[in-house]
Every structure is written in structure tokens, then in C-alpha cells.
Amino acid sequence: MKKITLLLTILLAGIGAIAQDMKTYLYAERDTTQLYLDFYAPENVNDSTICMVYVFGGGFIGGQRDGKFEKAYFKQLVDEGFQVAAIDYRLGLKGVKGLGVTNSKPLEDAINMATEDAISALAYLLEHANELKINKDWMVMIGSSAGAITSLHTDYALCNGLLNSDLLPDDFRLAGVVSYAGAIYLSKGQVEYNRTPAPTMLFHGTADGLVAYDKLKFFNIGFYGTNSLVKRFEKFGYPYFARRFKDYGH
């Protein structure tokens, strides 16, 4: 809860002008696609500086790491003393047609691709932590919509040894996850963590028609949104903070 409290004030604040102090790094190459991250840093960095690993939204179809809104948001975070690593990821639903409950495999594949890329970005940041002055114990995943889904899935993969999580040290833990209208998608079973997830902040509109606020189930397929995850977290005593926006959409 300490780490959630440290994040809450800034994450509810407004946004400012575009940040200027930024360097770009190639962190991976996948399927002939070059994946970059932009790293923003405040003037003063110490052992308590939090590194926010930002994943943009866009329905796994579009979006970018360096949009106008994103840059303004990063400026506010940096002004408050945060580091920001804004990452690319592969857009697995770009060009996909006929997506639905009877054709959900492309969505699962897109989430897995984005999650693998996010894990690769974390691995790059850990490898270059000394150079970038990152405290490995204070790394937080944050995203909106598809980015929130990816952030939640990244922690889920790390807790359960899924996908390419073996790129990271066994003792690595995220300091937190921040989800703006996110959910966890599973093609089998329900949400189960093999170890305690990172402290998680969840923001969601109760009338969200794109990403389930509660949950959607079709046979074994489940899309578990904020309200569903909160119930799970409460059942097992996992650390979380949730803010619901009544009657708000996506």
C-alpha cells in the first residue's frame, strides 16, 4: 500500500506542457519490427525515484508512444520527479477482421504479443539500469485501455511464469501496476496468481462498453475487468486501490 499511496496524488493530477529531456533507445526487434522506448528523466534522481513504464492505448490497432497527450502526461510526471519509459509494442489486431466471441484468438494473440514486448522492454531497462539510473525496486507499469490490459497481463505473466517472463530475474517484482480501463483476458479458467501481484491501482468507468468493467464470460473465455479483479484481490488480500467513475464509458 505504501507504493500505491506514493503514486496516487500525481496520477490524479492534471497534465502540463510537452517534455523536452528525452532519449530514444532500440530495445528489441520482433518480426522484422524495431521496437523503441523513449526515456524521460527528472533533473534530480535518487534511490527513491520511481520509473513509470508507460504502455499506450489504441485497441491493439493503433496508438503511439509519443503522442501529444502522452508527452504532456510525461511532462507532468517528470516535473513531479518520476522517470518515464514510454514503450512501443506490436499491434496484433491491426488489419484483423471479424473479431468476436467466436473468433477471439486474434485478441489473445495480440495481448500476448504486447505483453512479450513489455517484458522485453523491462529486460532492457534492467540491463541498462545503472546507465539510466533506474532503481530496479521502483519500476511501475502504467497504461490506458490496451495499454492497461498489457500492464495487467505483464504482472500476471511475471507472477505465473508465462510467456517470456524468464527474460527477467526470478526475484524481480514490479513495484506497482496502474490500469486505466484495463482487464485480464483468459481463454481458460479464472484469474489465479501463483505469487502476490504488485500493488495495483485500477481506474474504470462503470458503463465501459469496450473493456468490461466487471466481467464477460463465454464458456471458458473470460474478460475480467476492474470490478471482477477487485473481488479477486479482496478474497486473497492482495494490495490494490480502485476508483470507479459511475456511468462513465471507456
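A: Let me begin with a term: two strands are taken as paired if DSSP finds at least two bridges between them. This is a predicted model, and in it the bridge partner of L216 in β10 is F223.

Q: Ok, how many bridges join β9 to β10, and which way do they run?

A: Four bridges join the two strands, and β9 and β10 run antiparallel. They form a hairpin with two residues between them, and in that turn F219 has a positive phi of about 55°.

Q: What does β10 do on its other pairing, the one with β7?

A: β7 and β10 are also antiparallel and are joined by four bridges, with A183 standing opposite G225 of β10. As for burial, β10 is mostly covered, since four of its five residues are buried.

Q: Switching to pockets: how much space lies in the largest pocket?

A: The largest pocket holds about 520 Å³ of space.

Q: You mentioned α5; how many of its residues are buried?

A: The count for α5 is 15 of its 15 residues buried, so the helix is described as mostly covered. Its length also agrees with expectation, because 15 residues at 1.5 Å a residue should span 21 Å and the end C-alpha atoms of α5 are 21 Å apart.

Q: Is S145 buried or exposed?

A: S145 counts as buried, because its relative accessibility is 14% and the cut-off for buried is under 20%.

Q: Which other residue than glycine has a positive phi, with a value near 50°?

A: That is D31, with phi near 50°, and its place is in the loop between β1 (22-30) and β2 (33-40). D31 is exposed, at a relative accessible area of 56%, whereas S145 is buried.

Q: Moving to rings, how many aromatic pairs does the count come to?

A: The count comes to 17 aromatic pairs. One of them is Y193 with F233, where the ring centres are 5.9 Å apart and the planes lie at 85°, so the pair is edge-to-face. Y193 belongs to the loop between β7 (183-186) and β8 (200-205) while F233 belongs to helix α6 (residues 226-236), so the pair ties together parts that are 40 residues apart in sequence. Both Y193 and F233 are buried.

Q: Why is the F203 and F241 pair called tilted?

A: The centres of those two rings are 6.2 Å apart and their planes are at 55°, so the pair is tilted; edge-to-face would need an angle over 60 degrees. This pair too links distant parts of the chain, with F203 in strand β8 and F241 in strand β11 (residues 240-245), 38 residues apart.

Q: How do F203 and F241 stand for accessible area?

A: F203 is buried, with a relative accessible area of 3%, while F241 is partly exposed, at 24%.

Q: Which residues form one aromatic cluster?

A: The cluster is made up of Y156, Y193, F233, F236, Y238 and Y240, so the edge-to-face pair of Y193 and F233 sits within that cluster.

Q: Last one, α2: how far does it reach, and which of its residues are buried?

A: α2 (residues 68-79) has twelve residues and reaches 17 Å from its first C-alpha to its last, close to the 16 Å expected. Its buried residues are E70, A72, Y73, F74, Q76, L77 and V78, and just after the helix G81 takes a positive phi of about 100°.

Methods: Residues are numbered from 1 along each chain as its sequence is written. This is a predicted model: local features need pLDDT of at least 70, side-chain atom pairs count only at pLDDT 80 or more; totals for chains, interfaces and linings use all residues. Side-chain values use heavy atoms; hydrogens and water are left out. The expected span of a helix is 1.5 Å times one less than its number of residues. Buried means under 20% relative accessible area, exposed over 50%, partly exposed in between (1.4 Å probe, protein chains only). Rings of Phe, Tyr and Trp (its six-membered ring) pair if their centres lie within 6.5 Å; planes under 30 degrees apart count as stacked, over 60 as edge-to-face and the rest as tilted. On a 1 Å grid over the protein atoms alone, a cavity is a set of points where a 1.4 Å probe fits but cannot get out, and a pocket is an open set with protein on both sides within 12 Å along at least five of seven lines; lining residues have an atom within 4 Å of a point. Grid points are joined across faces, edges and corners, and a volume is the space filled by probe spheres set on the points.
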